[in-house]
Amino acid sequence: MSGIPILSILVLLPLVAGIVALFQPASGARWNALITTLISLGLGIWLWATYDPNGAQWQFVENYAIGGGISWAMGIDGIALMLIMLTLFLMPICIGASWRAIEKRVPEYMAAFLLMQALMIGVFCAQDLLLFYIFFEGGLIPMYLIIGIWGGAERIKASYKFFLYTLAGSVLMLIAMLAMIYTAGTSSIPALMAYNFDPSLQWWLWLAFFASFAVKMPMWPVHTWLPDAHVQAPTAGSVILAGVLLKMGGYGFIRFSLPMFPEASAEFIPFVFVLSGIAVVVTSLIALVQHDMKKLIAYSSVAHMAFVTFGLFAFNRQGIEGALIVMLSHGLVSGALFMCVGVIYDRLHTREIARYGGLADNMPIYSLLFLLFTMASVGLPGTSGFVGEFLSLVGTYEVSSWAAVVATTGIILGAAYMLYLYWRVCYGKQVNADAAAMKDLSVRELWLLAPIAAAVLWMGIYPESFLKPMRADVGRLLERIERAKPAGDAHLTAGKPAPVQAHSTEAH
Amino acid sequence: MNFAAILPEIILTIGALVLMMVAAFMGRRASALCSWSAVALLLGAAMALLGEPQRAGALFGGLIAADGFGAFGKLLIYLCAAVAVVIAHNWFERDFEHAAEYPVLILLAVVGMSVMVSATNLMSLYVGLELNSLAAYVLASYRRTDERSAEAGLKYFVLGALASGILLYGISLLYGFTGTTQFDGVAAAFLRDGTGSIGLLFGLVFTLAGLAFKISAVPFHMWTPDVYEGAPTPVTAFFASAPKVAAMLLGVRVCLDALGPAIDAWRQIMTFAALASIFLGAVAAYGQTNIKRLLAYSSINNVGFALIGLVAGGVAGASSVLFYMAVYVVMTLGAFLCVLRMKNENGEPLEGIDSLSGLSQSRPGLAAALAVFMFSLAGIPPLFGFWPKLMVFNAAVAEGLYPLAVAGILGTVIGAFYYLKIIKVMYFDAPGAPYARGGSGLEGALIALAALVVSPLGYLLIGPLGQLTANAAGSLF
């Protein structure tokens, strides 16, 4: 490895830039934030380029002891790398999306976003249990401020709900972490991933971690903070929330629940599958009757995240790789969909679906991109959504055919609510004069949506680029959980082929 | 007679007496002189703590002990008191004739607290406690023409006297059934007789009840909101910091030293006090409209967390309490320093939470500092207030006290609600009437320093401070 502490730079750069932004005028803060996020993206691309998919499990490792049992330990594997790339990719787009939409208190807004970026990168890099917790929880503060200051009419209720819900979920995880450190005698995540906890202790630890990640994910029935937070947050806040914050739940399952508590995870498979199954069906049906575009997409997020939990707890390669791709794909697609809502919200200042209609006439480019993202959300082959959902369903099928049956209805229902949304917004007669008068995408908006569209197609057509860095890590995870792997309910028996002669005589 | 070992107390006592004379003869003119001399005396006493004789062990036939535990407590107390003198100087000088006597009372209270944290005998414990309390009663009613201040003083005195009575009754029972007032003698008696003796048990309960009053742990917390609200704000800041440290450390020493063998008996009491303080402190703060009352409930809430460390016991538990108190006083003093800045255009102090409305737009720096203290008091990472909470929970988990740790940490979620309310008022609401500008630069620097300590940079202190508290706690055993 090169001697540059690249991960620390990725965490500290936005932090410093954020503090600087506080003292800048509005336009200075905008440019500062944009340049910082672009430099970070550049560093991220360099990180991806130098990451060795066949190399050591943990790369770019740094470790400085702080004392008191916590150390500034950083390092990434392929899974973390991909999620970092997702974060770094979405950040400049978020800043761009807020360029015009945010007019009041711009320096603070940019500072909050840069702080958010530092904390999110920290979550994926942290190799110390307590450091992870600090980054994980720290993200609540900037998001609370983003929703509360720049949110919609009901922003205060939504910000409280977001903060207290996620905090309540996470605190139990802290006690579990302390118990783990006390039992295993180390707070290093790589060491803990190889430590075998007593199965009876695992049971409690798994539940405590589940409480946190299930809220963050979010899984039914603890998802209710999400629609409120999404609807009230400003567009860029929704993008980050859906694009990255929700991924922390899935990342937590991969990093902690599965490798550290394999036996408990196996034991809880039916529980997770039942919750995920309910999530897929119930939240899809709820999405079908929404009048508010953001709320509809928020509920669709819950349904999509259920594919992640299905895939992860399938305990096989297809499932886990599928779950990872769903996470990445959903990060891009839901982010893009929220941006699409933001584009027309900026023009008409309403998210009511009925206030739009027939936009394909006056906003053709917008409608084209919106269609692409809608299709990706539905899971059309050729888009990123298809790869992830297909793999995760294949994985699920190997474990439980019934779970796969329920999960597959999600694809159908997903198509129903997304196409219904698209139909109401872009097709049909133009009944609202103000909606019909809206201008098509500006150059800035096109530049924000086009890169996501390219990434969505890339991931759909050649997912290998994204799977390659993660393959070895998924393999290590599978090795780790192999001993607890449940027997699937599909019992393959070899058939008895009929003799050739009998076949041929019959034909005659 | 090892007088070198009580050098800090000697410095403070003689200094207080001299300053009292100066104040008496020079009157109001001496205000600045007395304040700055008091600060110098406190800092000098803090320097004296570094000397070797401060680790001399038992002194004066075991009345007090000079050890690392006491020295750490005294250090915190002296620094808090120095801040309390500094902030009071501007506050009182403007409109108050007896400003010069304020530092004298603080010094006397500090001497009492010094005795409290080093007492190893029930009698010296009581004497220290009373010296501190008597000065505190006067301080609470310091603006005697202000009805609220007078009420606060009277309330504090009546309830404090009652608590002292309970404590003395407990001490007399312990003395009656053990035949000694020495901590180690009491411990030996508990070791010999166990907790089977009803008399000993009663003595233990009454003593702890008296101490719980001083640290304002539930169910002996009723005086706190009223006194905090009524007392002048610099005095409230003082009450919330130094005496809390002294009483908490006294409690730790009594529980782990004198009552050490009876841990099973007092653990139940302290568990209840800890959880009740956490939950009541969190729930009762909901409806408050006065920031000082809210901070009073916040202090009750925080005492509950510190008590979790005490319940865990052992070196780890004791050192987590020390760490907790060290960070707690920084957060609470910082918050009160911000409250001192809440003045309307005429320079009159404001205490309503609604007056903070939109502060982030009119005074971004002040709002940011207060937000940092609030998030930190709530224990939200990455602010440093998270770490002491983690340490007390860690001590509890290491002792296998999982139900206590889980219940306590759920309390942080409830408590987070009202801290968030302050943030919401400052950041989400529309700006109200702006506060008057100005205020001393020294206070501003203190706010900035406190904010810096509880910011994520505070984590760099974990190493040195952790070492210090671990050594201090180790000297108890």
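Begin with chain A and chain B shown together: in this predicted model, the two chains bury about 3,000 Å² between them, and 82% of that area lies on carbon and sulfur atoms.

**First stop: the interface**

Select the residues in contact across the two chains; chain A contributes 31 residues and chain B contributes 33 residues. Next, highlight Y160(A), I175(A) and L178(A), which supply 19% of the area that chain A buries against chain B, more than any other three residues.

A search for salt bridges between chain A and chain B returns zero.

Now colour chain A by element. On the side that touches chain B, at least two residues each come from β1 (59-67), α5 (129-138), α6 (140-150) and α7 (155-184) of chain A. Colouring the side of chain A that touches chain B by residue class shows 22 nonpolar, five polar and four charged residues.

**Second stop: the largest pocket**

Move to the largest pocket, which holds about 1,700 Å³ of space. To centre the view, select L15(A), I19(A), L115(A), S455(B) and P456(B), the nearest to the pocket centre among its 46 lining residues. Both chains take part in this lining: two or more residues come from each of α1 (6-22), β2 (70-76), α4 (106-125), α5 and α6 of chain A, and from each of α15 (364-378), α17 (402-427) and α18 (441-454) of chain B.

Which element gives the most to the lining of the largest pocket? Select α1(A), which provides eight residues. By class, the lining of the largest pocket consists of 39 nonpolar residues, six polar and one charged.

Turn to the second largest pocket, with about 560 Å³ of space. Its lining has 22 residues, and those closest to the centre are L76(B), L79(B), A326(B), V330(B) and V453(B). Display α3 (68-93), α13 (314-340), α18 and α19 (462-474) of chain B, the elements that each give two or more residues to this lining. Within that set, pick out α13(B), which gives the most, with seven residues.

Finally, colour the lining of the second largest pocket by class: 21 residues are nonpolar, one is polar and none is charged.

Notes:
Residues are numbered from 1 along each chain as its sequence is written. Chains are lettered from A and ligands numbered from 1 in the order in which they are written. This is a predicted model: local features need pLDDT of at least 70, side-chain atom pairs count only at pLDDT 80 or more; totals for chains, interfaces and linings use all residues. Side-chain values use heavy atoms; hydrogens and water are left out. Contact means heavy atoms within 4.5 Å. Buried area is the accessible area (1.4 Å probe) that two parts lose on being put together, summed over both. A salt bridge is a side-chain nitrogen of Lys or Arg within 4 Å of a carboxyl oxygen of Asp or Glu. Helices (H or I, at least four residues) and strands (E, at least two) are DSSP runs, numbered from the N terminus. Ala, Val, Leu, Ile, Met, Phe, Trp, Tyr, Cys and Pro count as nonpolar, Asp, Glu, Lys and Arg as charged, and the others, Gly among them, as polar. On a 1 Å grid over the protein atoms alone, a cavity is a set of points where a 1.4 Å probe fits but cannot get out, and a pocket is an open set with protein on both sides within 12 Å along at least five of seven lines; lining residues have an atom within 4 Å of a point. Grid points are joined across faces, edges and corners, and a volume is the space filled by probe spheres set on the points.
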